[in-house]
Structure formats: structure tokens, C-alpha cells
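Subject: Structure handover

Hello,

Here is the structure I promised to pass on. Please open it beside this note and read the two together.

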Amino acid sequence: MDAKGYYLMGEAEIEKVRQLPEKPRLLMHSCCGPCNSFPIEYLSPYFQLTLYFNNHNIYPYQEYLRRFEELKRYVEYFEKENDVSIELIQPVYEDEMFNKVLASRKDDREGQQRCRMCYSMRMQEAFKYASDHGFGYMTTVMTISRQKDSVVINKIAERLQPQFPLVQYLYSNFKKNKGMDRSVQLSKIHNMYRQTYCGCIYSFEDMKNRKGIKDE
Ligand code: SF4
């Protein structure tokens with residue numbers, strides 16, 4: 001399926017959900033404040049949202065905490081402003097285990113196989129959590145990122161879906177509906193921290209090389 005096809009599948013599902021008497025529970029894999037800002041605004045009228053911050057890829061730990069705190073700050077603002085309740089779950093940070101897997105593809109450029117493994121591991125973990133905890137739906141905010149191909153992410157979800165028959169994956173392309181512009185706008189309004197690299201140690205080193213930053 002192409003990008004438009006997946007996007008339309010997601011929109012058709014949202015249209016079905018709009019007709020339901022109660023909002024179904026959706027677990028959303030969430031990586032940072034800016035990437036979540038539009039998806040939260042877009043989906044919260046239709047779903048009872050729970051955010052799942054499973055991002056063992058983020059290096060160093062201080063950066064992981066910073067992204068989490070920024071997301072938490074936005075969620076607290078959004079809850080108050082819109083009189084809704086959004087749970088934010090932070091599983092244990094298991095960077096060692098995660099990075100052992102990524103290290104096998106450390107020389108890949110961003111967007112190649114290492115990234116596919118990274119998306120897939122985090123999405124599988126979110127699917128499992130959703131399945132174990134009775135969620136009707138699962139999705140990820142990652143399709144909003146300019147650096148990430150929504151087709152790759154949606155295809156991973158399609159491949160994982162049969163392992164979790166109790167949870168329905170909500171296909172998405174959060175760049176659509178002016179999602180990317182809105183996310184930039186919300187980030188500015190809320191003075192959010194916008195990171196300059198994707199997350200793992202390899203993207204951190206790439207960023208340092210690009211900027212000419214030397215180790216002390
Ligand atoms: S560049 Fe980003 S998506 Fe790719 S492996 Fe690193 S953290 Fe994961």
C-alpha cells in the first residue's frame with residue numbers, strides 16, 4: 001500500500017470511531033513533546049488517549065529525561081486547557097538491551113535498516129503493552145516526522161498486527177491535515193525543546209559531526 005492508502009485507512013477508522021457512543025482507549029507510542037503536539041490535538045476528541053514513552057533508543061539519559069519532561073509539561077497543559085485526562089506511561093529505560101541490537105547496524109545512515117529495527121522494536125513493545133492492558137487501539141506519533149517515511153512505519157505495523165489480534169493498529173500520516181505545520185506552531189507557542197538529532201548514539205554523533213562539535 002502507498003502513503004495515501006494508509007492515510008485513508010486511518011481516516012476511515014477515525015470516522016467509524018466518531019460514531020461510537022464512548023471513546024475507545026488508544027495507546028500512542030510517544031517520543032517527544034513536538035511530535036506529540038498535533039496527534040494529541042487531532043485524536044483526543046475521538047479516543048481516550050494513553051501515551052507510552054518507550055524510547056530506549058535515546059542517548060544520553062539526560063536527553064531521554066529532557067524529552068520526557070517536555071512531553072509531560074505539554075500533556076499537563078493540554079489536560080487543563082481541554083478538560084480531558086491523558087495518562088502518560090514511562091516504562092523502565094532499557095538502553096543497554098536496545099543498543100546492543102542497534103549496534104549491529106551502527107554504520108547505517110539514518111532511515112536505513114537500523115532505523116527500521118528501532119521503529120519496529122518500539123512499536124512491538126507498544127503493541128504488547130496495549131494487548132496486555134486491554135486497549136482497543138495502538139498507534140505511533142512517528143509518522144509526523146519529516147525524517148521518517150510513513151509507509152515504512154505503517155508497513156511495520158501491518159506486519160506486527162497479526163501477533164496482537166486484540167488491538168487494532170490505527171494507520172496514520174500525521175504530516176497530513178497540516179499536521180507538521182501545526183506541530184511547529186504548537187512547539188513555538190509552548191516554547192518547547194526541539195531536539196537536533198533523532199535519538200540514538202549514532203544520530204547524536206552524526207549531529208556533532210555536522211555541527212563540528214568535538215569531544216572534551
Ligand atoms: S536514527 Fe533515530 S530511528 Fe534511527 S536508530 Fe537512531 S534513534 Fe532510531
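Two points on the source come before that. This is a predicted model, where local features need pLDDT of at least 70, side-chain atom pairs count only at pLDDT 80 or more, and totals for chains, interfaces and linings use all residues. Residues are numbered from 1 along each chain as its sequence is written.

**The sheet**

Helices (H or I, at least four residues) and strands (E, at least two) are DSSP runs, numbered from the N terminus. Five strands form an open sheet in the order 3-2-1-4-5, and the pairing is parallel. Strand 3 and strand 5 each have a single partner strand and stand at the edges, so one side of each lacks a neighbour in the sheet. Two strands count as paired if DSSP finds at least two bridges between them.

Strand 1 (residues 25-29) pairs with strand 2 in the parallel sense over five bridges. H29 has Y52 as its bridge partner in strand 2. Between these two strands the chain passes through helix 2 (residues 33-43), and this β-α-β crossover is right-handed. Right-handed here means that, with the strands pointing away from the viewer, the path from the first strand over the helix to the second runs clockwise.

Strand 2 also pairs with strand 3 (residues 87-89), in the parallel sense over three bridges. The bridge partner of L51 in strand 3 is L88. The chain goes from strand 2 through helix 3 (residues 61-82) to strand 3, and this β-α-β crossover is right-handed.

How many of the five residues of strand 2 (residues 48-52) are buried? Four are, so strand 2 is largely enclosed by the rest of the structure. A residue is buried if 20 or more other C-beta atoms lie within 10 Å of its own, exposed if 12 or fewer, and partly exposed in between, with C-beta atoms placed from the backbone.

**Helix 6**

In helix 6 (residues 150-160), the buried residues are S150, I153, N154, I156 and A157. They lie on the same side of helix 6, because they cover an arc of only 155 degrees around the axis. That arc is taken over the directions from the helix axis to the C-beta atoms. Their cover includes helix 1 (3-18), helix 5, strand 4 (137-140) and strand 5 (168-169). Contact here means C-beta atoms, placed from the backbone, within 7 Å.

**The ligand**

Around the ligand are N57, L102, E110, R114, C115, C118, C198, G199, C200, Y202 and S203. Helix 5 gives the most, with three residues. By class, the shell has six nonpolar, three polar and two charged residues. Ala, Val, Leu, Ile, Met, Phe, Trp, Tyr, Cys and Pro count as nonpolar, Asp, Glu, Lys and Arg as charged, and the others, Gly among them, as polar.

**Backbone points to check**

The peptide bond from Y59 to P60 is cis, with omega near -10 degrees. P60 sits in the loop between strand 2 and helix 3.

D83 is not a glycine, yet its phi is positive, near 50 degrees. D83 lies in the loop between helix 3 and strand 3. D83 is exposed, with 6 other C-beta atoms within 10 Å.

N177 is not a glycine either, and has a positive phi of about 55 degrees. Its place is in the loop between strand 5 and helix 7 (179-189). N177 is partly exposed, with 13 other C-beta atoms within 10 Å.

Best wishes

Key
A residue is near a molecule or strand if its C-beta atom, placed from the backbone, lies within 6 Å of it. Two residues are in contact if their C-beta atoms, placed from the backbone, lie within 7 Å.
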